[in-house]
Amino acid sequence: LGEGQFSPLLLMFGQCLYDMKASIFLALTGHYRAAIQQLRPVLENVITGLWFNTRLQAETEEERQRAMHEFEQWTEDRFELPPFANMVEQLAEHFLLLDNKASEQWRELIQLMHPFYPELTKGRVKRVWHRLSKFLHPYYQMTDIRREFETESHTICPARVVWDKNAYHDWLILFQNIADIMLRIIVGMCPNVVETEDGKEGLGFI
């Protein structure tokens, strides 16, 4: 990104931070399913921001103007986004480019190789999104009532909130995956961010 260049990605990152904070609060109070549900908009918003960003960097002025016009229409609820999977497909090659750009800066930032997360690819993004979708749609294996029936009491009590190590782990893995995807994208798009204390602090919040 050039200095002073408008970035839908950075704009949408702000919303992502709101949703991530809400997800953390829900997880720490034992509302694991709701905490995971809060994460799908995070992934969708960051991909939407990146999708607009890449279109604003098109080769021709006409394409860039059309992209900006559609972004402005979208902010006014007058433009319908493509399906999530379509945006991911369009960004597939861009993902790998960003991952390569971010690799050295990312390693410097966290001071380790991060071996437990794979490369940023369309397959990875789609797998995380499909996993998150199961907590939003009718999918019995991911429901609270299934967990309730698996307890010794075999009763349903929506008022009850209990610590559940497995549910917390499910949330944490998804949260960390999304945080990693976000950081790879932001460092790939704005590599200079790791060279300032404010930038490092901001990434540290994620």
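## A buried pair and its partners

Mentor: Gladly! Let us begin with Arg-124 and Asp-180, which are both buried. Keep in mind that this is a predicted model.

Trainee: Why is Asp-180 called buried?

Mentor: Buried means under 20% relative accessible area. Asp-180 has 2% relative accessibility, so Asp-180 counts as buried.

Trainee: What makes the contact between Arg-124 and Asp-180 a salt bridge?

Mentor: The cut-off is a side-chain nitrogen of Lys or Arg within 4 Å of a carboxyl oxygen of Asp or Glu. In Arg-124 and Asp-180, the closest N and O atoms are 2.9 Å apart.

Trainee: Which other salt bridge does Asp-180 form?

Mentor: Asp-180 also forms one with Arg-184, with the closest N and O atoms 2.7 Å apart. Here both residues lie in helix 8, 4 residues apart, about one turn of the helix.

Trainee: Is Arg-184 buried or exposed?

Mentor: Arg-184 has a relative accessible area of 9%. The limit for buried is under 20%, so Arg-184 is buried.

Trainee: What makes these residues a network?

Mentor: The salt bridges share partners, and in this way Asp-99, Arg-124, Asp-180 and Arg-184 are joined into one network. A search of the whole structure finds 9 salt bridges.

## A pair in one helix

Trainee: How do you know that Glu-61 and Arg-64 are about one helical turn apart?

Mentor: Count along helix 4 (residues 61-75): Glu-61 and Arg-64 are 3 residues apart there, which means a separation of about one helical turn. Their side chains meet in a salt bridge, at 2.8 Å from N to O.

Trainee: Why are these two called partly exposed?

Mentor: Partly exposed lies between the limits of under 20% for buried and over 50% for exposed. Glu-61 has a relative accessible area of 43%, so Glu-61 is partly exposed. Arg-64 has 26%, so Arg-64 is partly exposed too.

Trainee: What makes the phi of Asp-77 worth a look?

Mentor: Most residues other than glycine have a negative phi. Asp-77 is not a glycine, yet has a positive phi of about 65 degrees. Asp-77 is in the loop between helix 4 and helix 5 (84-110).

Trainee: Why is Asp-77 called exposed?

Mentor: The relative accessible area of Asp-77 is 71%. Exposed means over 50%, so Asp-77 is exposed.

## A nonpolar patch

Trainee: Which residues make the nonpolar surface patch?

Mentor: Ile-24, Phe-25 and Leu-28 make this patch of about 310 Å². Ile-24 belongs to helix 1 (residues 8-28). At 30% relative accessibility, Ile-24 counts as partly exposed.

## Pocket and cavity

Trainee: What makes a space a pocket or a cavity?

Mentor: A pocket is an open set of points, whereas in a cavity the probe fits but cannot get out. The largest pocket holds about 380 Å³ of space. Among its 18 lining residues, the closest to its centre are Gly-30, Asp-144, Glu-148, Arg-160 and Val-161. Helix 7 gives the most to this lining, with 4 residues.

Trainee: How many cavities are there, and what lines the largest cavity?

Mentor: The count comes to 1 cavity of 30 Å³ or more. About 60 Å³ of space lies in the largest cavity. Its lining includes Tyr-32, Arg-33 and Ile-36. Helix 2 gives the most to the lining of the largest cavity, with 3 residues.

Trainee: How do the lining residues of the largest cavity divide?

Mentor: They divide into 5 nonpolar, no polar and 4 charged. For the largest pocket, the lining has 9 nonpolar, 3 polar and 6 charged residues.

Key:
Residues numbered from 1 in each chain as written. Predicted model: local features only at pLDDT ≥ 70, side-chain atom pairs only at ≥ 80, totals over all residues. Heavy atoms only, no water. 1 Å grid on protein atoms, 1.4 Å probe; cavity = no way out; pocket = protein on both sides within 12 Å on 5 of 7 lines; lining within 4 Å. Points joined across faces, edges and corners; volume = space filled by probe spheres on them. Helix = DSSP H or I, 4+ residues; strand = E, 2+ residues; numbered from the N terminus. Nonpolar A, V, L, I, M, F, W, Y, C, P; charged D, E, K, R; others polar. Patch = residues over 30% accessible without salt bridge, like charges linked within 9 Å, V, L, I, M, F, W, Y side chains within 5 Å. Areas by Shrake-Rupley, 256 points an atom, 1.4 Å probe, with all protein chains shown as cover. Buried < 20%, exposed > 50% of the residue type's maximum accessible area, 1.4 Å probe, protein only.
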